[in-house]
Amino acid sequence: MTKVINKNSCTTNRCTKSDSKQRENSVQRERIVSKLRQQGLRITKQRLIIIDIILGGECSCCKEIYYKASKIDNKIGNSTVYRMVNLLEEIGEINRGNIYKVESCKNCNAKKCYCVEFDDDTIVELSESSWRHIVQVGLSICGYSKDKKVVRVKIG
């Protein structure tokens, strides 16, 4: 499935930017919680607070996250924030290069969705199979994957 959308549009007429952001944060939060559980980790109130602050996208460093988190729960220490940020980075949910912002497709409901954004604000949403096909064909055309199949793509 491939879908082309305008970055500034919404999938429903009644959808506002805050509704869309809230829904996106909820989906991202569930994905992060799922990955943490897969690692065998408990989902504590403190971890959820830190995740929510990061998903809010207003912090550029661990100190800012700590400051906001400690206002919500004064038992959260600086080391708790640093450990959680490191953990989120290890499981691939944040990238310090993105200043602690979790990125995902904003309008995609699929579990695995790949978004390509162009300089005219057009976004192409691709299913996993479409993404794999495009990468495979592109690498083949450029001469990188003669009779080889792409197994994994790492970005970063």
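A salt bridge is a side-chain nitrogen of Lys or Arg within 4 Å of a carboxyl oxygen of Asp or Glu. The legends below apply this term to a predicted model.

**Figure 1. Arg31, Lys35 and Glu93 are linked in a network of salt bridges.** Arg31 forms a salt bridge with Glu93, and the closest N and O atoms of this pair lie 2.9 Å apart. The pair connects distant parts of the chain, with Arg31 in helix α1 and Glu93 in the loop between α4 and β2, 62 residues apart. The side chain of Lys35 also meets that of Glu93 in a salt bridge, at 2.8 Å from N to O. Glu93 is buried because its relative accessible area is 6%, under the 20% limit. Arg31, with a relative accessible area of 28%, is partly exposed, and Lys35 counts as partly exposed at 26%.

**Figure 2. Asp52 and Arg29 form a salt bridge.** The closest N and O atoms of the two side chains are 2.9 Å apart. Asp52 belongs to helix α2 (residues 45-56) and Arg29 to helix α1 (residues 17-38), so that the pair links parts of the chain 23 residues apart. Asp52 is partly exposed at 36% relative accessibility, and Arg29 is partly exposed at 25%. The structure holds three salt bridges.

Figure 3. Beyond residues up to four places away in sequence, Leu87 touches Leu36, Leu41 and Arg47. Leu36 is 51 residues from Leu87 in sequence, and their C-alpha atoms are 8.7 Å apart in space.

**Figure 4. Strands β2 and β3 run antiparallel.** Five bridges join β2 (residues 113-117) to β3. Cys115 has Glu125 as its bridge partner in β3. Strand β3 (residues 122-127) is mostly covered, with five of its six residues buried.

**Figure 5. The protein as a whole contains five helices and three strands.** Along the sequence these elements follow the pattern β-α-α-α-α-β-β-α. Of the 156 residues, 29% are buried. Among contacts with a separation of 6 or more, 49% involve residues 24 or more positions apart. The protein exposes about 11000 Å², of which carbon and sulfur atoms supply 50%.

How values were computed
Residues numbered from 1 in each chain as written. Predicted model: local features only at pLDDT ≥ 70, side-chain atom pairs only at ≥ 80, totals over all residues. Heavy atoms only, no water. Contact = heavy atoms within 4.5 Å. Buried < 20%, exposed > 50% of the residue type's maximum accessible area, 1.4 Å probe, protein only. Helix = DSSP H or I, 4+ residues; strand = E, 2+ residues; numbered from the N terminus. Pairing = 2+ DSSP bridges. Areas by Shrake-Rupley, 256 points an atom, 1.4 Å probe, with all protein chains shown as cover.
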